[in-house]
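Please read the account below alongside the sequence and the coordinates. It starts where the chains meet and then takes each chain in turn.

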Amino acid sequence: MATSATQNPRHSPLAPVQAAGETYDEMYEATDIYRSVRGHYKTLGNWLRAQSAQVMEGKREEADLLFRRVGITFAVSGDDSGTERLIPFDVIPRIIPAAEWRQLEAGLRQRVTALNRFIHDIYHDKEIIRAGIVPAEQIYCNEQYRPEMDGIEVPGGVYAHIAGIDVVRAGAGDFFVLEDNLRVPSGVSYMLENRKMMMRLFPDLFALHRIAPVAHYPDRLLENLRAVAPHAMHEPTVVLLTPGMYNSAYFEHTFLAEQMGIELVEGQDLFVEDETVFMRTTRGPRRVDVIYRRLDDDFLDPLAFRADSTLGVPGLLSAYRAGRVTLANAIGTGVADDKSIYPYVPDMVRFYLGEEAILKNVPTWMCRQPQDLQYVLDHLPDLVVKETHGAGGYGMLIGPRSTRAQVAAFRDRLMGNPAGYIAQPTLALSACPTYVESGIAPRHIDLRPFVLSGRDVGMVPGGLTRVALREGSLVVNSSQGGGTKDTWILEDS
Amino acid sequence: MLSRTADHLFWMARYIERAENTARMLDANLQAVMLPQSTESIAGSWRALLGISELEPQYLASNAEFTPAAILEFMVWDEGNSSSIVSCLRAARENARAVRGTLTAEVWETLNATWLELRSRPGTSLRDRRPAELFEWVRFRSHQSRGVMFGTMLKDEAFHFARIGTFIERADNTARILDVKFFEHATANAAGVQGLDETHDDRLQREFYHWAAVLRSLSAFEIYRKVYKDIVTPARVAELLMLRADMPRSLLASMNEVALNLEAVRKDSAMETERRAGLLRTELHYGRIDDILVQGLHAYLSGFLARVNDLAERISRDYLVPLTPHAV
């Protein structure tokens, strides 16, 4: 196994980070003879042991009932029946000690700063291309590159105002960034609702622990959105633009707008005149300064992008380019969170900040490079292969969990369009104790912290922990049967 | 507030009110047909129900004749009929869902629960209950929806537009019910005069039950007794349901609420709408039933319906679905 891990990850072959099977357990520390509870889980472990099975069962039912009554549901994409489903919620929290979180936080701040610098650069001076670090064709041939943004100034140079960085723990417990989500990352409402639910179900646990609060997220978000209003306005009007009630994240849109006290608008509520955006209100047209949009670039403006979009606002791009309105996130951020750009992020950190990346990337083979492709084809049953533009856990191959036929079918797709894929070693994601039908058992988890950029870069402690509920499954996406947990950053006592 | 949000609230309230009034009309008919009368007049009164909502052509598209069971099915459960109770409650819930963030949790949960109960629980479902029970359920869900709005919502624009929706719809529905019932009454009288076998007593009895049913359908029977302390006459029924400000379902009471809530959302560009609402309200306020009956009730009510309709359109244009400068 220990072949050449020191080699540049873009020039394979690589050793897997860790053989699948040796899973890092968040709660238990395995020693040669027995396993012991890790320090930051001790109080919870003792508390759990003292609870009767019936009480816990009752609490879980209560959580289910409350979520359903409030209607915290998501629509399943690709399901036309408009079915509303609950995302399963697990009552055992995922705990991260403050010292680990500080490291993570510093890494996230560094990474998002570099990503924002990168997006600014490629729409302006393109230094990173001229320096030969990122190949020009990787930018210009990327569907997510928006030539409309070239030379456009955005307030504060911020592009990704809200970034959801997916982090996993693998191997001996190191954190790796799996994916940067810089377009319209979602899930933060679950982070907030999960905390509220835990406080309601188990107030005694909060007395036993010093848990960093997260409820101020909407405040921070609003403050950030106001900070990036065009030309230092005094009382900027901020709105949240949703595709509408049939969108899978509509609950979150409603929730955030309500929490921030801003209007939840659809495209039809806005219009552009004299390169200024207005919303239609009962008191007449009202100017809009900042749009927190939860709508993809393609649908924003039928005059500029997809002409068949009925969700957007005709003329929005012209108002945006004129600097009369701020969009958060900016148009064209997708070029930086594409899986084919991901391998370059540590280089970006070095290039723009002159620092080494605090957070590691997962080693990645880029199938557009012949030697990488050859390696991937030779090791397909051991690798995870993803579409460069894919998301949501769709269109990927998890080699070790696939049948021979599935691997063979995927091989054909891969060879048909190598540039459309990247491959990574199959990570043994860390596991956290979780309620399942047979009782409490370890299940694989990830973490999505939400990093906010405005006047500065910051985040509320923690994020959304997603858990793959099926035994052995490594896919945590809610569309694929994943659930969520509350995430505790345990402050030092 | 956003025009679209106000529009959803306006229609949410209208659909709740419409479901309630449909239930009331159907219930009144069920009561009335239990009395001894000719089969023609029974068929006539069921058919008149469709006339109230201008639904005869649509009904005939899928039904060959006017039977009570088919008409009930059409007015309660037919999802193709946008005025059926099931369609109204669905539309109310969908409008509420679109503006959940503006509603209090209780308002949303009330409308959602109403819809879920109407649709769910096969076996114990509302469909298997006696129609009268179903109508009572609809009435009470409507009371509850209105009450929870009144009791939990901030009295801001959102509330005012919902109230305007409720009372525009109520003014319209009460006027339609009156119009049809007076028409039926006139037809029956004409038939009675020609018929040889109707005695004076028969006639009084028939009239009493006819008007009692109308009053009951509008929760006005006891109120009538309290106000007039006398026998039921058509002129007084009309007065009570049109001109009394203290009768909650009357035209005047409804218009008072419309005017009051319009005033609360007043803006310069909508003064003409406010003026028209005020004029209509004032005419009812100072109107006399004798003058109206001389003019002809049907003519008066037709005029009233047209003016309420005009008002609804103006409110829509001024506040709810404004045209944009360039998107005309």
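**Interface, chains and local geometry**

In this predicted model, 20 residues of chain B are in contact with 19 residues of chain A, two residues being in contact if their C-beta atoms, placed from the backbone, lie within 7 Å. On the side of chain B that touches chain A, the elements giving two or more residues are α1 (3-32) and α5 (85-98) of chain B. Helices (H or I, at least four residues) and strands (E, at least two) are DSSP runs, numbered from the N terminus. The most comes from α1(B), with three residues. By class, this side of chain B consists of nine nonpolar, five polar and six charged residues. Here Ala, Val, Leu, Ile, Met, Phe, Trp, Tyr, Cys and Pro count as nonpolar, Asp, Glu, Lys and Arg as charged, and the others, Gly among them, as polar.

Residues are numbered from 1 along each chain as its sequence is written, while chains are lettered from A and ligands numbered from 1 in the order in which they are written. The model being predicted, local features need pLDDT of at least 70 and side-chain atom pairs count only at pLDDT 80 or more, whereas totals for chains, interfaces and linings use all residues.

Chain A has 15 helices and 25 strands. Its radius of gyration is 23 Å, close to the 23 Å that the globule rule gives for 493 residues, so chain A is as compact as a globular protein of that length. The radius is taken over C-alpha atoms, and the rule is 2.2 Å times the number of residues to the power 0.38. The C-alpha trace of chain A spans about 75 × 55 × 45 Å along its principal axes. Of the 493 residues of chain A, 46% count as buried. A residue is buried if 20 or more other C-beta atoms lie within 10 Å of its own, exposed if 12 or fewer, and partly exposed in between, with C-beta atoms placed from the backbone. Among the contacts in chain A with a separation of 6 or more, 68% are between residues 24 or more positions apart.

Two sheets of chain A can be followed strand by strand. One is an open sheet of four strands in the order β9-β8-β13-β14 (chain A), with parallel pairing; two strands pair if DSSP finds at least two bridges between them. At its edges stand β9 (263-265) and β14 of chain A, each of which has a single partner strand, so one side of each is left without a neighbour in the sheet. Neighbouring strands of this sheet are turned by 30° against each other on average, direction ignored. Strand β8 (residues 238-241) of chain A is joined to β9(A) by three bridges, and the two run parallel. Within this pair, A:L241 has A:V265 in β9(A) as its bridge partner. Helix α9 (residues 250-260) of chain A packs on the sheet, where it touches β8 and β9 of chain A, and its direction makes about 150° with that of β9(A). Axes are lines fitted to C-alpha atoms, for helices over the stretch in contact, and angles run from 0 to 180 degrees between N-to-C directions.

The other is an open sheet of three strands, in the order β10-β11-β12 (chain A), with antiparallel pairing. Its edges are β10 (270-273) and β12 (284-287) of chain A, each with a single partner strand, so one side of each is left without a neighbour in the sheet. From one strand to the next the twist averages 40°. Four bridges join β10(A) to strand β11 (residues 276-281) of chain A, and these strands run antiparallel. A:E273 has A:T276 in β11(A) as its bridge partner.

Chain B is divided into domain 1 (1-152) and domain 2 (158-321), with bounds that come from an automatic or database domain assignment. The C-alpha centres of domain 1 and domain 2 of chain B lie 20 Å apart. Their contact takes 29 residues from domain 1 of chain B and 25 residues from domain 2 of chain B. On the domain 1 side, α1, α2 and α7 (131-152) of chain B each supply at least two residues. The largest share of that side, 18 residues, comes from α1(B).

Which backbone features remain? Most residues other than glycine have a negative phi, and most peptide bonds are trans. The peptide bond from A:A328 to A:N329 is cis, with omega near -5°, and A:N329 lies in the loop between β14 (326-328) and α12 (334-337) of chain A. B:E54 has a positive phi, near 55°, and is placed in the loop between α2 (39-52) and α3 (56-62) of chain B. B:E54 counts as exposed because it has 10 C-beta neighbours inside 10 Å.
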